[in-house]
Amino acid sequence: MGLLDDKVVLVNGGSQGVGAAIARAAAREGATVAVTGRRPGPGAALVAELAAAGSEARYVRADLSDAGQAKASVAEVIDAYGRIDCLVNSAGLTSRGTLLDTTPELFDQHIAINLKGPFFAMQAAVTDMVARKAPGTVVNIITSSAHGGQPFLAPYVAAKAGLIGLTRNAAHAHRWDRVRINGLNIGWTATEGEDATQRAFHGAGDGWLDEAAARLPMGKLGQPDEIADFVVLLLSDRSGVVTGSVIDWDQNVLGGLD
């Protein structure tokens, strides 16, 4: 449909999982796409895939837990293409920790990747949009667990709940600049990272995905490509004037009880 024709889209954490799906969807809709990630291998492979399909794409190596690298990644994309029209913050850390066993080091890691990185990437991108007096869009990938979450996700929930507040604060602050900022609270999603997490922290075996899907209302975990299509809509002009919305994208209903 060309929803993102002539747009420059930066996807942080875009070399795998949900971020990579968003990058693919944005490219299909006509965008020039840049992705960041810590590992050059997956990033380069994704860019080669997008380029082979006829899209302009770029990989920027960056550790988003470092505010300086988060800002520098935005600057590199602006230097390459002259601007950023759309930013997606998809990088995330989901390592486990409860209130009782989380160390200060683990807490700081979650804050750095799940909150500080998005903050400073948004700062850099929105500064560019405001300086050009141009409209822009930001989508933050958050989590339905930010409403409370499981006991073993305490530092993750703390950081992501902060990202919800940041999303609404920034959207309010920049609505007159025509910069729309929204968030997506995704539920349990089938990604490479989730597979590794289930095996590392929960002793999951090869059949865990099918077993988990059978316990869910829709018979499957969230699918990255479906999330990506929704994110593209939020990035595009077809989402109209919507800003400051944090949407629950999940098959479990907040507040619903059996």
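Partly exposed describes a residue whose relative accessible area lies between the limit for buried, under 20%, and the limit for exposed, over 50%. The exercises below use this term on a predicted model.

**Exercise 1. Asp 85 and Arg 83 meet in a salt bridge. Decide for each residue whether it is buried or partly exposed.**

Step 1. The N to O distance in this salt bridge is 2.9 Å.

Step 2. Asp 85 has 8% relative accessibility and therefore counts as buried, since buried means under 20%.

Step 3. Arg 83 has 25% relative accessibility and therefore counts as partly exposed.

**Exercise 2. Locate the partners of the salt bridge between Arg 58 and Glu 76. Which elements hold them?**

Step 1. The closest N and O atoms of Arg 58 and Glu 76 are 3.6 Å apart.

Step 2. Arg 58 lies in strand 3 (residues 57–61) and Glu 76 in helix 3 (residues 67–81). The two residues are 18 residues apart, and the pair links distant parts of the chain.

Step 3. Arg 58 is partly exposed at 30% relative accessibility, and Glu 76 is partly exposed at 31%.

Step 4. The model has eight salt bridges. Elsewhere, Asp 195, Arg 199 and Asp 206 are linked in a network of salt bridges.

**Exercise 3. Describe the surroundings of strand 1 (residues 8–12). Which strands does it pair with?**

Step 1. Sort the side chains by face. In a regular strand, side chains alternate between the two faces of the sheet. In strand 1, Val 8, Leu 10 and Asn 12 are on one side, with Val 9 and Val 11 on the other.

Step 2. Check burial. Five of the five residues of strand 1 are buried, and both of its faces are covered.

Step 3. Find the neighbours. Strand 1 runs parallel to strand 2 (residues 32–37), joined by four bridges. Strand 1 also runs parallel to strand 4 (residues 86–89), again joined by four bridges.

Step 4. Follow Leu 10. Its bridge partner in strand 2 is Ala 34, and in strand 4 Leu 87 stands opposite Leu 10.

Methods. Residues are numbered from 1 along each chain as its sequence is written. This is a predicted model: local features need pLDDT of at least 70, side-chain atom pairs count only at pLDDT 80 or more; totals for chains, interfaces and linings use all residues. Side-chain values use heavy atoms; hydrogens and water are left out. Buried means under 20% relative accessible area, exposed over 50%, partly exposed in between (1.4 Å probe, protein chains only). Two strands pair if DSSP finds at least two bridges between them. A salt bridge is a side-chain nitrogen of Lys or Arg within 4 Å of a carboxyl oxygen of Asp or Glu.
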